[in-house]
Amino acid sequence: MKALLLVVLFALSFSHAACKGAGPAPAKSAIAEALAQLDVFILDVRSPGEYAGGHVDGAINVPVDEIDRIEAILAEKDRQIIVHCAAGVRSARAVSRLKEMGYTKILDAQTPKAVANAMGTELVR
């Protein structure tokens with residue numbers, strides 16, 4: 001159920017982006033609140049420099065080449081994880097490795113902008 005709600009929130013954010021001017025955007029706080037209620041772990045697998053240049057508020061930065069250390073940060077294998085990088089290549093690698101490590105609820109959002117759009121927020125520095 002949580003995964004379905006998350007997918008719906010992402011779909012709504014993208015459909016709104018495609019229909020700019022078609023009406024008011026959903027309230028930022030409503031989307032952020034819904035994501036917060038899902039207890040989502042946002043994982044940014046870009047380099048520390050890329051992360052510092054702009055990231056999703058609340059995202060944890062673990063570069064893809066260091067993904068194995070995620071177990072020290074997130075022990076809950078069944079928690080919903082949203083993974084992103086700059087374009088989707090590294091996030092896809094991270095998703096594969098996370099699955100090998102036993103994590104079960106993983107969504108590849110590909111880019112930080114996609115996550116920020118779904119949350120109704122901007123990237124922070």
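Predicted model: local features only at pLDDT ≥ 70, side-chain atom pairs only at ≥ 80, totals over all residues.
Student: How many salt bridges does a search of the whole structure find?

Tutor: The search finds ten salt bridges. One of them is formed by R79 and D39, whose closest N and O atoms are 3.1 Å apart.

Student: Where do R79 and D39 lie?

Tutor: R79 lies in the loop between α4 (70–73) and β3 (81–84), and D39 lies in the loop between α2 (28–37) and β1 (41–44), so the pair ties together parts that are 40 residues apart in sequence.

Student: Is R79 buried or exposed?

Tutor: R79 counts as buried, since its relative accessibility is 18% and the cut-off for buried is under 20%.

Student: Which residue forms a salt bridge with R90?

Tutor: That residue is E50, and the closest N and O atoms of the pair are 2.7 Å apart. R90 belongs to helix α5 (residues 89–100) and E50 to helix α3 (residues 48–53), so this bridge ties together parts that are 40 residues apart in sequence. Both residues are partly exposed: R90 has a relative accessible area of 24%, and E50 has one of 29%.

Student: And what does E71 form with K77?

Tutor: E71 and K77 form a salt bridge, with their closest N and O atoms 2.6 Å apart. E71 counts as partly exposed at 40% relative accessibility, and K77 counts as partly exposed at 26%.

Student: Changing topic to β3, which residues cover its faces?

Tutor: I81 and V83 are on one side of β3, I82 and H84 are on the other, and all of these residues are buried. In a regular strand, side chains alternate between the two faces of the sheet.

Student: How many bridges join β1 to β3?

Tutor: Four bridges join these strands, which run parallel. Within this pairing, I42 has I82 of β3 as its bridge partner.

Student: What about β3 and β4, in which sense do they pair?

Tutor: β3 and strand β4 (residues 106–110) pair in the parallel sense, over four bridges. There, H84 stands opposite Q110 in β4.

Student: What kind of unit do β3, α5 and β4 make?

Tutor: Together they make a right-handed β-α-β unit. The helix of that unit, α5, also contains R90, the residue paired with E50.

Notes
Residues numbered from 1 in each chain as written. Heavy atoms only, no water. Salt bridge = Lys/Arg side-chain N within 4 Å of Asp/Glu carboxyl O. Helix = DSSP H or I, 4+ residues; strand = E, 2+ residues; numbered from the N terminus. Buried < 20%, exposed > 50% of the residue type's maximum accessible area, 1.4 Å probe, protein only. Pairing = 2+ DSSP bridges. Right-handed = clockwise from strand over helix to strand, strands pointing away.
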